[in-house]
Amino acid sequence: MPSSRSRESIAALLRQHAPVLLPSLLACDFANLASEVKAIEAAGAHALHLDVMDGHFVPNLSFGLPVVEAIRALTDLPLDVHLMIDNPAEYAQRYRDAGADCITVHAEVLDDPRPLLEEIRASGALAGLSLNPPTPLEQILPALPHCDLVLVMSVMPGFGGQQFDPVALEKLSRLRDDPDCRALLEVDGGVNQSTIARCTAAGADLLVAGTAVFGADDYCERVDSLNRLARSGRAG
Ligand code: DX5
Ligand code: ZN
């Protein structure tokens, strides 16, 4: 079932809550997916980050279309789908049909991401472009007018629980200060209680965290404290 919300309403909702935590389900208990989704929704998450991995672009496999569809059926929260796959052009529309509200593709696998970003927009989803820590920001600058969000990776994608790479902070602040960038700024990898405020101070609007959220005993307390720390970084 595709999401029923418009691109504009998703963007407005995310902007209204920004800076805001997006729990990554990669770190949840997959044996209890339905109760994990319900628990994180009850804890006050405003959107969910879903990591799709193909075992080629990244050296790990996670989940694909049927799981995104199943999560869509469980919740009305916006679904932010991060495609860590070699051939996103072949799959973007199918993830939209499965219920994605935001679809992010990687700059490293696209010679020119602009046509695909426009295709994603035309499908009604927010179009996101991501870059890995070693990828220079210059590589994505021509595509900025076609992005609704830019996902700055602060780890090499593929696994949760890695250490935050501060190279992301410099990219975030350059994007924040770029008058041509109107995209939401998202950061992903190693975001936790010690790093989240630095991310929002550098300009991040959307903070993806897996281990830091699902590793907690009390999701509600952890979502609250991470959101509070995120706001404190922005305010400071
Ligand atoms: C990593 C994924 C992340 C991952 C983050 O390749 O893109 O979204 O879930 O996990 P943590 O927060 O544990 O670094
Ligand atoms: Zn991710």
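This is a predicted model: local features need pLDDT of at least 70, side-chain atom pairs count only at pLDDT 80 or more; totals for chains, interfaces and linings use all residues.

Reader: Which polar atom lies 2.7 Å from an oxygen atom of ligand 1, and which backbone atoms lie 2.8 Å from one?

Author: The polar atom at 2.7 Å belongs to the side chain of Asp188. The backbone takes part as well: a polar backbone atom of Gly190 is 2.8 Å from an oxygen atom of the ligand, and a polar backbone atom of Gly210 is likewise 2.8 Å from an oxygen atom of ligand 1. As for cover, ligand 1 taken alone exposes 380 Å², of which the protein buries 98%.

Reader: Let us turn to the metal. Which residues coordinate the zinc ion (ligand 2)?

Author: The zinc ion (ligand 2) is coordinated by His49 through NE2, by Asp51 through OD, by His82 through ND1 and by Asp188 through OD. The distances run from 2.0 to 2.3 Å.

Reader: What is the geometry of the site of the zinc ion (ligand 2)?

Author: The site is octahedral, with 6 donor atoms and angles of 70 to 168 degrees among them. For six donors, that label requires opposite donors to be over 155 degrees apart and all other angles to lie between 65 and 115 degrees.

Reader: How are the donor residues of the zinc ion (ligand 2) spaced in sequence?

Author: The spacing is H-x1-D-x30-H-x105-D. His49 lies in strand E2 (residues 48–53) and His82 in strand E3 (residues 79–84), so this pair ties together parts that are 33 residues apart in sequence.

Reader: Are His49 and His82 buried or exposed?

Author: His49 is buried, and His82 is buried too.

Reader: Where in the chain do Phe30 and Phe63 lie?

Author: Phe30 is in the loop between strand E1 (20–23) and helix H2 (33–42), while Phe63 is in the loop between E2 and helix H3 (65–74). The pair thus links distant parts of the chain, 33 residues apart. As to accessibility, Phe30 counts as partly exposed at 39%, whereas Phe63 is buried, with a relative accessible area of 9%.

Reader: What are the distance and angle of the aromatic pair formed by Tyr91 and Tyr95?

Author: That pair is tilted as well, at 6.5 Å centre to centre and with 50 degrees between the planes. The two residues are 4 apart in helix H4 (residues 88–97), so they are separated by about one helical turn. Tyr91 is partly exposed at 26% relative accessibility, and Tyr95 is buried at 4%.

Reader: Where is Asp97, and how far apart in space are Asp97 and Met1?

Author: Asp97 is in helix H4. Its relative accessible area is 38%, so it counts as partly exposed. Asp97 and Met1 are 96 residues apart in sequence, but their C-alpha atoms are 6.1 Å apart in space.

Reader: Which residues does a cis peptide bond join?

Author: A cis peptide bond joins Ala18 and Pro19, with omega at about -5 degrees. Pro19 is placed in the loop between helix H1 (7–17) and E1.

Reader: Finally, where do Met156 and Ala143 lie?

Author: Met156 is in the loop between strand E6 (149–153) and helix H6 (167–176), and it counts as partly exposed at 44% relative accessibility. Ala143 is in the loop between E5 and E6; this residue is buried, with a relative accessible area of 3%. The C-alpha atoms of Ala143 and Ala27 are separated by 31 Å, and these residues are 116 apart along the chain.

Note on methods:
Residues are numbered from 1 along each chain as its sequence is written. Chains are lettered from A and ligands numbered from 1 in the order in which they are written. Side-chain values use heavy atoms; hydrogens and water are left out. Donors are N, O and S atoms within 2.8 Å of the metal (3.2 Å for Na, K and Ca); water is not among the atoms, so sites may look incomplete. Four donors count as tetrahedral if all angles lie between 85 and 135 degrees; four count as square planar and six as octahedral if opposite donors are over 155 degrees apart and all others between 65 and 115; anything else is irregular. Buried means under 20% relative accessible area, exposed over 50%, partly exposed in between (1.4 Å probe, protein chains only). A polar contact is a pair of N or O atoms within 3.5 Å; within protein, one must be able to donate a hydrogen and the other to accept it, and residues adjacent in sequence count only if both atoms are side-chain atoms. Accessible areas come from the Shrake-Rupley method with a 1.4 Å probe; for residues, only the protein chains shown count as cover. Rings of Phe, Tyr and Trp (its six-membered ring) pair if their centres lie within 6.5 Å; planes under 30 degrees apart count as stacked, over 60 as edge-to-face and the rest as tilted.
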